[in-house]
Each structure stands twice: as C-alpha cells, then as structure tokens.
Amino acid sequence: MKRWGALVGEVKSTGRLAMTLGGLGLVAGALMIAGSRHWLPTTLPSFPPPPEAGEAQPAPHGPVHDARPGQPARRIAEDLIAPPPLDVAGIERIEARPPLGELGLASPPKTPMPKDWRETLLYRPVAISSAVFEAMGRRVIVSGAVDIGPARTCSFDDAIWPCGQRARAAFNAWLRGRALKCVLPPDGDRFVIAASCTLGKQDVGAWLVANGWAMAAPGGTYGKAESVARGAQMGIFGPPQ
C-alpha cells in the first residue's frame, strides 16, 4: 500500500509540472504576438498590373544605336596610298617572246577527223623526204608541214648545199625505225594521205619545222616554230650540214 501511494504522488507532481510548462508557453506566445508589430511591415508591397495585349510598352533605358547608313569614309593622303592614274593610250601590246627551245612549243590543236578514222600504229617507218614517210605499205605526208624534196638545194652566204638530202637523213635519224601513231582512214584505203602523227608524245610535224627540216604550211599551227628555226639558223635555214 505504501508503494502504491508513492506512485500516485509522483504522478500528481508530474501533472502539475506539465501544467506549469504549458502555462509558460502560452504566456511566451502572447508576448511574441504583441511584439510582432515592431518587425513585421504594416502593409504589403504593391506590384503594377501586367500590360494588356497590344498595349505599347515603354522602351528600355540604355544606349540607342543609329541603324541609318552613315556617310562614306573620308579619303586621306590619296597621293601616297592610291595608285597613280593609268594612261591607257600609252599601253602597247607586243608579241610574246619566242620559246627558248622546242619544249616550249605548244602542241597544235587536234583537227576533227571523220568518224571512221582511227589512231593507227605504223611500224618501221622510213622517210623518203623531209616530211613524207612510208610504213606498212602506206605513204603518209606529215600534216601541217611543207616537204623539202631530196633534190632541193639551199644557199647560205656563198655556199650551196643539198639541204633536201640532209633533211631526209635527219628525219630518218630521228625516227630510227620507231613506230609512229597516225590518225588514218580504214585499212582498205591505200592512197597517199596527209595525217597528223606522233612519236611517243612528240608531234612529228612540230619537230620537223622547229628543227628547220620542213617549213610550216600557210595558215597552219607551226608558224611560230618556223620563225624560231629561221631566227636560230637551224636546218635548211642555216649553214651546210
């Protein structure tokens, strides 16, 4: 019984303590509410209403750039920077310098041939004059070159020499029996024909005219080559060989 009474006393004292703490909490809350008017704003901040659709808005404050086209740049020291005026009347067009050798000669343009003409290899060619050769039963005149006949003689200063025979020998020495590629008609046509030919990558007519062993046909593509050969006194335009 004594123990039970002790427990009842402890419960009562605990209840009084709880009630005391609760009362203190209420007093503290009331004091906080009373003092809140010193640190809370009395009125709420106001914000402007949003603009209506289509209503013009004021332009933002800041620098405004002028997009209009400006004036052209001012020229300064034109006599020092700008090029001097050019007098067109004083310009004179001159002919191009002739090439230093046959490697500088431009290849002649290809002449259109009939559709049945084909590039044909002619083996073991033999020159019968300075711009005519025979090979495989065909006789071909080198197109664009004027032949120098074997009976032709040339004069240089006071010397007369058989330039036709020398031109034929030079042509044979250059060929050395090597095959030529010529644009020819079908094999059934066995007549003398003028055709353009090449030895490897070298144009045969250009070689003959540039070395002075043939002359250029009037209006042909080898006119400059003949001028170079005459100026250098090569082949038939030079001294006896």
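Predicted model: local features only at pLDDT ≥ 70, side-chain atom pairs only at ≥ 80, totals over all residues.
View 1. Just after the helix, Arg176 takes a positive phi of about 50°, although Arg176 is not a glycine. Its place is the loop between helix 3 and strand 8. With a relative accessible area of 58%, Arg176 is exposed.

**View 2. Cys154 and Cys163 form a disulfide.** The sulfur atoms of Cys154 and Cys163 sit 1.9 Å apart. About the S-S bond of this pair the torsion is about 70°, so the disulfide is right-handed. Are these two cysteines buried or exposed? Both Cys154 and Cys163 are buried.

**View 3. Asp157 sits in a loop between two strands.** Here the loop between strand 6 (154–156) and strand 7 (159–161) holds Asp157. This residue has a positive phi of about 55° although it is not a glycine. Asp157 counts as exposed, at 68% relative accessibility.

**View 4. Cys182 and Cys197 form another disulfide.** In this pair the sulfur atoms are 2.0 Å apart. The torsion about the S-S bond of Cys182 and Cys197 is about 115°, so this disulfide is right-handed. Cys182 belongs to strand 8 (residues 180–184) and Cys197 to strand 10 (residues 197–199), so the pair ties together parts that are 15 residues apart in sequence. Cys182 is buried, with a relative accessible area of 0%, and Cys197 counts as buried too, at 1% relative accessibility. How many disulfides does the count come to? The count comes to 2 disulfides. With the bonded cysteines of the protein numbered in sequence order, the pairing reads 1-2, 3-4.

**View 5. Trp174 and Trp207 make a stacked aromatic pair****.** The count comes to 1 aromatic pair. Why is the pair of Trp174 and Trp207 called stacked? The ring centres of Trp174 and Trp207 are 4.3 Å apart and the planes meet at 10°; planes under 30 degrees apart count as stacked, so the pair is stacked. Trp174 lies in helix 3 and Trp207 in helix 4 (residues 204–210), so the pair ties together parts that are 33 residues apart in sequence. Trp174 counts as buried at 14% relative accessibility, and Trp207 is buried with a relative accessible area of 10%.

**View 6. Phe171 belongs to the largest nonpolar core****.** This core has 40 residues, and those with the most contacts inside it are Phe133, Phe171, Val204, Leu208, Trp213 and Ile236. Which residues does Phe171 contact, leaving aside its neighbours within four places in sequence? Phe171 is in contact with Ala127, Ser129, Ser130, Ala131, Val132, Phe133, Val204 and Leu208.

Methods
Residues numbered from 1 in each chain as written. Heavy atoms only, no water. Disulfide = S-S within 2.5 Å. Buried < 20%, exposed > 50% of the residue type's maximum accessible area, 1.4 Å probe, protein only. Helix = DSSP H or I, 4+ residues; strand = E, 2+ residues; numbered from the N terminus. Phe/Tyr/Trp six-rings, centres within 6.5 Å; stacked < 30°, edge-to-face > 60°. Core = buried A, V, L, I, M, F, W, Y, C linked by side-chain atoms within 4.5 Å. Contact = heavy atoms within 4.5 Å.
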